[in-house]
Every structure is written in C-alpha cells, then in structure tokens.
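We'll walk through it piece by piece.

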Amino acid sequence: DLHSPRDAVQCMALSAMANIGGPELCTALVDDVKQLVMSREPMVRKKAALCMLRILRVKPSLVNVSEWASPLLTLLDDKHGIVSLAVVSFMQGLVDIDPKPFEYAVPHLILHLTRLS
C-alpha cells in the first residue's frame, strides 16, 4: 500500500503503521517510509514524518539521526503548516536522542517557530 499511486491509500497505510506497527513492521518498511517523507503530496509527507517518529520510538536503531538534519530543515520551510508541525515533532524525537546534528539549525528553527505564532 505504501507504493500505491493513490495518496489516500498511502496515507491509510502510513496511519496503520504508525498506530499498530511493531518492531518487525518498522524494520521491514523503514526505507519506504523514508522515501515518502519527501513525497510531492503534503498529507503523505506529514503522515510519513509522524510514522518516522513512531519508528524512532519503537526501534531507534533504524533511524540515523545525523542523516535527517538537512532534509528536515528543508521540510520546515514547507508552505503547508501540517507538514511543518509534523516535522517539528519528528525533529524533537531526534534531538532527544542526539542534539549534535541539529545545533547549527537552532536559529533557523527559532525563526520558523516565531513565524507560526
């Protein structure tokens, strides 16, 4: 379902994985979810970012914190607020594990969060 051409089907699959996915499912699908974080559809990007947060919580060894800093900063500037909020949640989970890769991003993050208020 994650490879479906229909965005609604992808969103349903991501929601299911985020809600009931265990360590085995996370291991099997982490690469597919990583690709969907950069999808063209905002709702898919949002759900994929939240699904990555779930994967991070269930099996942190599957997520390389340092590889996410740059892509997530790009997604912070997304024109869709739902994507930005999901990205901030995912970033918070990553920073809890290792804040070092995100230290250079603090000014950008502060600027972005002040624009949201």
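Predicted model: local features only at pLDDT ≥ 70, side-chain atom pairs only at ≥ 80, totals over all residues.

Helix α1 covers residues 7-20, and helix α2 covers residues 23-36. Their axes lie 12 Å apart, and the two helices pack at an angle of about 140°. Angles over 145 degrees would count as roughly antiparallel, so α1 and α2 are oblique to each other instead. Their crossing is left-handed. Which residues do the touching between α1 and α2? From α1 come Q10, L14 and M17, and on the α2 side they meet L25, C26, L29, V33 and L36. Sorted by class, the residues of this contact are seven nonpolar and one polar, with no charged ones.

Now follow α1 over to another partner, α3. Here the axes come within 9 Å and cross at roughly 20°. That angle is under 35 degrees, so α1 and α3 count as roughly parallel to each other. The crossing is left-handed here too. On the α1 side, the contact is made by D7, Q10, C11, L14, S15, M17, A18, N19 and I20, while α3 brings M43, V44, K47, A48, C51, R54 and I55. The class count for α1 with α3 is 10 nonpolar, three polar and three charged residues. If you look back at the α2 side of the story, Q10, L14 and M17 of α1 show up there as well as in the contact with α3.

Helix α3 has another neighbour to visit, namely α5. The axes of α3 and α5 are 8 Å apart, and the packing angle is about 20°, which makes this pair roughly parallel. Once again, the crossing is left-handed. By class, the contact of α3 with α5 has 14 nonpolar, two polar and two charged residues.

Take F90 as an example: leaving out residues up to four places away in sequence, F90 touches A49, M52, L53, L56, V63, W68 and L72.

Finally, head out to the surface. Y104 lies in the loop between α5 and α6. Is Y104 buried or exposed? With a relative accessibility of 54%, Y104 counts as exposed. C11 is another matter: 93 residues separate Y104 and C11 along the chain, and their C-alpha atoms are 32 Å apart.

The last stop is R115, in helix α6 (residues 106-116). R115 is exposed as well, with a relative accessible area of 53%. The C-alpha atoms of R115 and I82 are separated by 14 Å, and the two residues are 33 residues apart along the chain.

Definitions and conventions: Residues numbered from 1 in each chain as written. Heavy atoms only, no water. Axes fitted to C-alpha atoms, helices over the stretch in contact; angles between N-to-C directions. Helix = DSSP H or I, 4+ residues; strand = E, 2+ residues; numbered from the N terminus. Parallel < 35°, antiparallel > 145°, perpendicular 65-115°, else oblique. Left-handed = near helix turned anticlockwise from the far one by under 90°. Contact = heavy atoms within 4.5 Å. Nonpolar A, V, L, I, M, F, W, Y, C, P; charged D, E, K, R; others polar. Buried < 20%, exposed > 50% of the residue type's maximum accessible area, 1.4 Å probe, protein only.
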